[in-house]
Amino acid sequence: MPLPRTRGKALRQRLAELRGPDVPAKALDARALAALAANPGCRRRAILDGAGVNKATLASSLGSPSVFGQSQFAFTRGNAFEAKVKADGGAELLRLAHEKLDRTAEPPTAAQVPDLTAAGPEGRTARTALALREASAEPGGWTLLDHPMLALDVAGSPAFLEPDAVVVHPDGSWTVVEIKSFPMLDGSADAAKVGAAARQAAVYVLALEEVAARLDPAPVVRQRVLLVCPKDFSNLPTASAVDVRKQRAVTARQLARLTRVEDIADTLPAGTCFSPDLPAEELSAAVESVPATYAPECLSACELAFHCRARSREAGAVTALGRSVRAELGGLTTVEEVWAAAQGTAGDPTDPAVAALRRAAHLRAEALESMAPRARTGESPCP
């Protein structure tokens, strides 16, 4: 639900102050949203993304530069492949959509490609919604929306998203199209890359559903997206239909769990600013004023991961060991507490985590004691 105009204006002003004077906002894209949804408990990432802070620049200013991102070569190659797929009014793209998703429909011999240009993201979002409504109001033909603009409310802050394409089928239903430059070898692609693409596409599906919900009757947003990739080792496009129902449900649930951005902003000390031009100590204090929920998975999804990992290790937090270890340790939040519990100097003996640690420490001591005589005589510990 959008914020009231006065409240929304105040929030935007507050977020601009957090970002810093004259610092342009970094758009929150679907890839960042998917990563944010994977770690909804991280208030630090939520406020930085909500304020449009460039986390890569911030990480460099903090002395922990990020290596996260796409190479310039991969970026250029991806743009060239996308241009090839969309050439001739998207004829090849629509052919793949017909072949993989809608073979019962009439072949796309001629398709509408509406002009989506408008001023600013809000204007492009409105123009996209109008084009979708017009295409769904007159079913029977194919329509290709090239780089439409969608909006999604994320923790009280609007995020403008730009999928590669959206196809409107002859029956009026909508399909998200993801174009990637990694290859499909013998009809299948790298599972990890396909999973990342599916999570990204699920964000677009959620945004499309919000547009569809405002129409009467609401068009169907298909839960299978079209993933287009180069075939084998060539530059020829091929495609696969990817079911994103699971990713969509998980992403919707995780985004709903995010603390609203204005709630986080209200807890920050007065004058807090994340401008990269600030002195290192002042900038570090501002970042540390917002709690983070670090996990090793952040290394592949967040530009601030190295900074947060260093702070987590300094504090001896067990989260640095992984979410599964953290879940097993219950109320023990630091390595020091875990060690004390294992040694029997602290911790509640009735706590299952404490009991398991002491049992493991006892077994380890027994194993080392049994190996000691062999070590003294130089005998191999293995029979």
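**Close-up views of the predicted model**

**View 1. The largest nonpolar core of this predicted model has 71 residues.** The residues with the most contacts inside this core are Leu-33, Ile-47, Leu-152, Trp-174 and Phe-274. Helix H8, spanning residues 191–213, supplies the largest share, 11 residues. A second core is separate and holds 17 residues. Ala-97, Ala-105, Ala-165 and Leu-226 are among them.

**View 2. Six strands form an open sheet in the order S1-S2-S5-S6-S7-S8.** Pairing in this sheet is mixed. Strand S1 (111–112) and strand S8 (237–243) are the edges. Each edge strand pairs on one side only.

**View 3. Strands S2 and S5 pair in the antiparallel sense.** S2 covers residues 142–146, and S5 covers residues 165–168. The pair is joined over 4 bridges. Here Leu-145 stands opposite Val-166 in S5.

**View 4. Helix H6 (residues 87–101) lies across the sheet strands S1, S2, S5, S6, S7 and S8.** In this set, S6 spans 174–179 and S7 spans 224–230. H6 runs at about 125 degrees to S7.

**View 5. Helix H5 (residues 72–85) crosses H6 at roughly 90 degrees.** The two axes come within 6 Å. Angles of 65 to 115 degrees count as roughly perpendicular, so H5 is roughly perpendicular to H6. By class, the contact of H5 with H6 has 4 nonpolar, 1 polar and 2 charged residues. From H5 come Ala-83, Lys-84 and Val-85. They meet Ala-87, Gly-90, Glu-92 and Leu-93 in H6.

Note on methods:
Residues numbered from 1 in each chain as written. Predicted model: local features only at pLDDT ≥ 70, side-chain atom pairs only at ≥ 80, totals over all residues. Heavy atoms only, no water. Core = buried A, V, L, I, M, F, W, Y, C linked by side-chain atoms within 4.5 Å. Buried < 20%, exposed > 50% of the residue type's maximum accessible area, 1.4 Å probe, protein only. Helix = DSSP H or I, 4+ residues; strand = E, 2+ residues; numbered from the N terminus. Pairing = 2+ DSSP bridges. Contact = heavy atoms within 4.5 Å. Axes fitted to C-alpha atoms, helices over the stretch in contact; angles between N-to-C directions. Parallel < 35°, antiparallel > 145°, perpendicular 65-115°, else oblique. Nonpolar A, V, L, I, M, F, W, Y, C, P; charged D, E, K, R; others polar.
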